[in-house]
Amino acid sequence: MQTSQYRATRTFMDFDSISQAMDGICGLYERKLKEINPAIRNLSYDISDLYNFIDGLADLSALVYLSLSSLPVSRSHTRIQMHSH
């Protein structure tokens with residue numbers, strides 16, 4: 001993922017499953033919420049808030065390992081996976 005147009009904000013993460021990757025994206029958003037709202041103890045959000053976070057990233061890409069190959073996954077596919085997660 002890349003949070004802004006600056007390459008220095010590019011970050012790589014590795015997960016063992018798609019489910020763990022979706023949890024990881026949720027965790028990134030939750031940490032961002034806590035960073036923005038440090039005084040609020042119980043933060044809540046809905047799927048549209050999470051989609052806005054994903055759409056606000058300069059880049060979000062994934063490679064999904066399938067048996068003997070890797071499949072590139074788009075931002076829109078990530079949103080679909082997030083909703084079904």
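# Helix packing and burial: exercises

The crossing of helices H2 and H3 is right-handed; a crossing is right-handed if the near helix is turned clockwise from the far one by less than a right angle, and left-handed if anticlockwise. The model is predicted, with local features requiring pLDDT of at least 70 and side-chain atom pairs counting only at pLDDT 80 or more, whereas totals for chains, interfaces and linings use all residues. Residues are numbered from 1 along each chain as its sequence is written, and side-chain values use heavy atoms, leaving out hydrogens and water.

**Exercise 1.** State how many helices and strands the chain has and which pattern they follow along the sequence.

*Solution.* 
- Step 1. The chain has three helices and two strands, where helices (H or I, at least four residues) and strands (E, at least two) are DSSP runs numbered from the N terminus.
- Step 2. In sequence order the pattern is α-α-β-β-α.
- Step 3. Along the principal axes, the C-alpha atoms fill a box of roughly 45 × 30 × 20 Å.
- Step 4. Of contacts between residues at least 6 apart in sequence, 51% join residues at least 24 apart; contact means heavy atoms within 4.5 Å.

**Exercise 2.** Determine how the axes of H2 and H3 are oriented relative to each other, and which residues meet.

*Solution.* 
- Step 1. The axes of H2 (residues 47-56) and H3 (residues 75-84) come within 11 Å and cross at roughly 155°. Axes are lines fitted to C-alpha atoms, for helices over the stretch in contact, with angles from 0 to 180 degrees between N-to-C directions.
- Step 2. Angles under 35 degrees count as roughly parallel, over 145 as roughly antiparallel, 65 to 115 as roughly perpendicular and the rest as oblique. H2 and H3 are therefore roughly antiparallel.
- Step 3. From H2, Ile-47, Leu-50, Tyr-51, Ile-54 and Asp-55 meet Arg-75, Arg-79, Met-82 and His-83 of H3.
- Step 4. The residues of this contact are five nonpolar, one polar and three charged. Here Ala, Val, Leu, Ile, Met, Phe, Trp, Tyr, Cys and Pro count as nonpolar, Asp, Glu, Lys and Arg as charged, and the others, Gly among them, as polar.

**Exercise 3.** Identify the residues that touch the most other members of the largest nonpolar core, and trace the contacts of Met-82.

*Solution.* 
- Step 1. A nonpolar core is a set of buried Ala, Val, Leu, Ile, Met, Phe, Trp, Tyr and Cys residues joined through side-chain atoms within 4.5 Å. Buried means under 20% relative accessible area, exposed over 50%, and partly exposed in between (1.4 Å probe, protein chains only).
- Step 2. The largest core has 15 residues, of which Ile-25, Leu-50, Phe-53, Ile-54, Leu-60 and Met-82 touch the most other members.
- Step 3. H1 (18-36) and H2 each supply at least two core residues, and the largest share, seven residues, comes from H1.
- Step 4. Apart from neighbours within four places in sequence, Met-82 contacts Met-22, Ile-25, Cys-26, Ile-47, Leu-50, Tyr-51 and Ile-54.

**Exercise 4.** Classify Leu-60, Ser-4 and Ser-48 as buried, partly exposed or exposed.

*Solution.* 
- Step 1. Leu-60 lies in the loop between H2 and strand S1 (62-66). With a relative accessible area of 10%, Leu-60 is buried.
- Step 2. Not counting residues up to four places away in sequence, Leu-60 touches Met-1, Ile-25, Ile-54, Arg-75 and Thr-78. The C-alpha atoms of Leu-60 and Arg-75, 15 residues apart along the chain, are separated by 6.0 Å.
- Step 3. Ser-4, in the segment before H1, counts as buried at 17% relative accessibility. Leaving out residues up to four places away, Ser-4 touches Thr-9 and Ala-58.
- Step 4. Ser-48, in H2, is partly exposed at 36%.
- Step 5. For the chain as a whole, buried residues make up 26% of the 85 residues.
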